[in-house]
Amino acid sequence: MKKNLNIIFLTLLALVFGCEEKMEIDTEYPEIIMTIPDAFPVQCSTLKRGESFTFRVLLHDNVALGSYSLDIHHNFDHHSHSTEVEECDLNPMKTPVNPFLFIRNYPIPAGQRNYETSMDIEVPLDIDPGDYHFMIRVTDKEGWQTLRGISIKIE
Amino acid sequence: MRGILTFFLLIISNYAIAQKSQLSGVVFDENLKSLEGATVQLISARLVVLTDQQGKFNFSGPFDKNDTLLIAHLGFETLEIVLSSMQEERFLKVKLKPSDQLLSEVMIEANTISHRKQEDAMNIEIVRRNFIQKNLGGSLMQSLERLPGISSIGIGSGQSKPLIRGLGFNRVVVLDKGVKHEGQQWGADHGLELDQFAAEEVALIKGAASFIYGSDAIGGAINVKPARPPVANTFGGSVDVIAKSNNNLYGTSVNLYARKNRLFFDTRLTYQRYGDYRVPTDIVHVYDFPVSLSDNYLRNTAGLDKGFHIQTGYITEKLKSIFYLSHIHGKSGFFANAHGLEPRRVDTKLHDSSNRDILMPSQHVDHYKIINRSDFNFGEHQIEMELGYQWNFRQEYSPYVNHGYMPPVYPADMNVSSVLERAFDKKVYSINMRDIHLLGKHEFTFGINSEYQDNAIGGWGFLVPAFTQLTSGAFLYDKFSINEKLMLHGAIRYDYGHINTLEYTDWFTSDITTPDGEEFSENIQRAASLSRSFNSLVWSAGLNYNLERFQVKANIGKSFRMPIAKELAANGVNYHYFSYERGNPKLSPEESYQADLGINWTRSKWTIQLSPFLNYFSNYIYLNPTPDHDYYYGAGNQVFEYTQSQVLRYGGEIQLGYALFKNLTSALLGEYVYSYQLSGDKKGYTLPFSPPPSLILNLTWSPEIKRFFQDTYFSFDYRITAKQHHIVPPERKTPGYQVINVQLGTKLQWNNRPFLLSVQAQNLLNTRYLNHTSFYRLIALPEAGRNIVINLSIPFTKQTKLNKNGKK
């Protein structure tokens, strides 16, 4: 009996440790680096209606980047998606009439570990000025996603 | 008649009676231990006495020769002796047979449990009400988490759903009163709509059990059984009072039952109200967004639970038919700073003014059930049938916040309330029939299960379309006892399923730019109507080899699971995960092959139980996070799409028990699961919600304190959980932790009435730790801090109608 048990136990052990072959898998999230010199917009930046700006951040992944997506929407109700520590002064709450809404996704060329964006975005003239959110989502090839939500103002 | 009705007797020797003068005797239990407090009644003489500490009773005459003596004790079958059948002797020795209808005798329970385990080739754990009381958690599944191989996916302090060896959601079947419980199992933020106080017994099958329970039992099954019909001619009930320190919960559960002879009723009312729960931290980082907590209270996690149950039935020797009616109502808040998982700015003044109010975001759930269960016996056949109707109605409230292309201001002309984010309305009709047929050494069970679901949706959000679904299956199971030691099992099952999903179109327009640069606006069709049929043939084979002190069981089988509506037809943005979930209408039913082994070895001082398993899925349905963002349907969110991959899983549980001294026992409970995707985009990754290896070291002291305290225990659990670094997007690595839980309890006797008191200190040291399978793990929310749980249970019972006419 004891022998049987030992055999079973050893088989189990072998199964548990034997199968644990180390196949390298990526468990790291991509990064959105906003500390590069001309990064824009950053927390509390201001955009101007009727003008265009260049979205510039550095995206980084340890293996390969996937794609990124931008989402600019109003924060007139102060619902807040900011992921930044620094707080910006908010205008009083108000009801939106014609708020700016901008949603786009962009592929990143395959196999990139670092990618600096340089995307011109035009802010229409007829939109409501006020507090907005600027959400950046970036994925890597494996599907890890990092978000950055910053508060901006449009004047 | 009497046979079923508990009036069974076993007299050991020398029954005797004096004609005049004296009638005395002694009452024993089945182990010949004297029974104190048994009622001994001479019916015509209208005399009642109680047995003393030595189990003795005494009447002084004169007596009628035709009088009848009734001997009753809680937990034992009532015994009836006609005096005329006695010889002229003076002293009666009576042995009472334990009743299987009352659960006061722990030993008896243990024996039936081990017997049932020995007759089942699958790994099965059975716990009773006393286990739930001892380990009472916020919900039934949290109370069961101590069992190795069982964990739960939870949100808040009162909602959770089971994970068996890392598989959960629609991969575990929960049966309540014999009928598959159908709620919204697919959602990690949804709990099970079950009242844990109404559960008398819970049997957990760890491993694929599709062959008996059909689709969804691919990961295991949890069978929750209600209170059994009371003993004939009794009236009784219990009052439970519950209090918890962490979330300031107070609650009660009141039970009343009565049975004449054939008719009975049993009713239960449960009410629990709790405040926000506390975590050992002042600040939480929701996606790096720092949220400070007021006095460690997790904002807006208060809630309430109400449960109403009534069962009534008719019992004869050949027929037993019971109706169960129940209504479970739950209302609870979601952590206000992270509805779903997205960071939110909240009105802290409003939320922090009270820790008990339930504000938005919140969930309201009502679950109604009407079930009939009938058993008929004739000849070698036993026919069992369950008919069930359930209505699950779930509403999730949240103030309107426009996402993606939703209009910035909620339109006034919408016929949906602006605060009703989502609603699910599910009606389910079920029928199960089984014919259990004994034929020589074979016990054949032939059964069918069929279920029809009608699902509607509501609210301004969208995730899963409305659908109808029909599933039907038939199985044949043979349990073959070759000899006293060896038992073989074989089963085969065929299933057919059909699902129809309904079309859904957005109520708002999205601005679309095609890859060619064409721009237009439209109300996007999220779900097209879809019709799919599935069928599947599965099998299972197993054996039990039982020696007195050593038992082995083995089982191998194929299981299946039909894809659910969400997997086939989801096409919406899940703003809680910043993801766009895309169903796959081409999915095939999941198929799984599993081998299970169970070894149980008992010596006088120790026991070992080992239950390893090996499992292979040829096409596990998996929500795969892709590197893409979708602009057209997904409003710029990351695309998650349902795919199928090969998966290998293995692991097991170990349970060791060692008696250090007579009253001091130690135990070790361990669990381990490893899952590995063998193909597809996430080859090499694990599956989501993989529980980390975990170990509980336990010391239990059960002192024998006579007279006032019985069944006293002091139990100390030291849980060591390893880190979980096997993750898959979007999970995060979870560090290991150690938590101490203490349980103590006793049965006080006061005025001849038992008071069952149990006290727990959960997370005694107020340790800050993360639970890898918590819904809030992604926002690094620690688990609840120290929680003192007190539960006082006062059962009472009374014999009614102690006359001959009362029984037939």
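This is a predicted model: local features need pLDDT of at least 70, side-chain atom pairs count only at pLDDT 80 or more; totals for chains, interfaces and linings use all residues.
A disulfide here is a pair of cysteine sulfur atoms within 2.5 Å. The pair links distant parts of the chain, 44 residues apart: Cys44(A) sits in the loop between β1 (31-33) and β2 of chain A, Cys88(A) in the loop between β5 and β6 of chain A.

The link is left-handed, with -90° about the S-S bond. Cys88(A) counts as buried, at 16%. The count over all chains is one disulfide.

## The open sheet of chain A

Five strands form an open sheet in chain A, ordered β2-β10-β9-β5-β6, with mixed pairing. β2 (46-47) and β6 (102-107) stand at the edges with a single partner strand each, so one side of each has no neighbour in the sheet. Strands are DSSP runs (E, at least two residues), numbered from the N terminus; two strands pair if DSSP finds at least two bridges between them.

β5 (residues 65-74) runs antiparallel to β6(A), joined by six bridges. Ser69(A) has Asn105(A) in β6(A) as its bridge partner.

## Gln638(B)

Gln638(B) lies in strand β42 (residues 637-659) of chain B. Gln638(B) is buried, at 2% relative accessibility. Its side chain reaches the backbone oxygen of Gly143(A) at 2.7 Å.

Beyond its neighbours within four places in sequence, Gln638(B) contacts residues including Thr139(A), Gln145(A), Phe578(B) and His629(B). Contact means heavy atoms within 4.5 Å.

## Basis

Residues are numbered from 1 along each chain as its sequence is written, and chains are lettered from A and ligands numbered from 1 in the order written. Local features need pLDDT of at least 70, side-chain atom pairs count only at pLDDT 80 or more, and totals for chains, interfaces and linings use all residues, while side-chain values use heavy atoms, without hydrogens and water.

Note on methods: Helices (H or I, at least four residues) and strands (E, at least two) are DSSP runs, numbered from the N terminus. Buried means under 20% relative accessible area, exposed over 50%, partly exposed in between (1.4 Å probe, protein chains only). A polar contact is a pair of N or O atoms within 3.5 Å; within protein, one must be able to donate a hydrogen and the other to accept it, and residues adjacent in sequence count only if both atoms are side-chain atoms.
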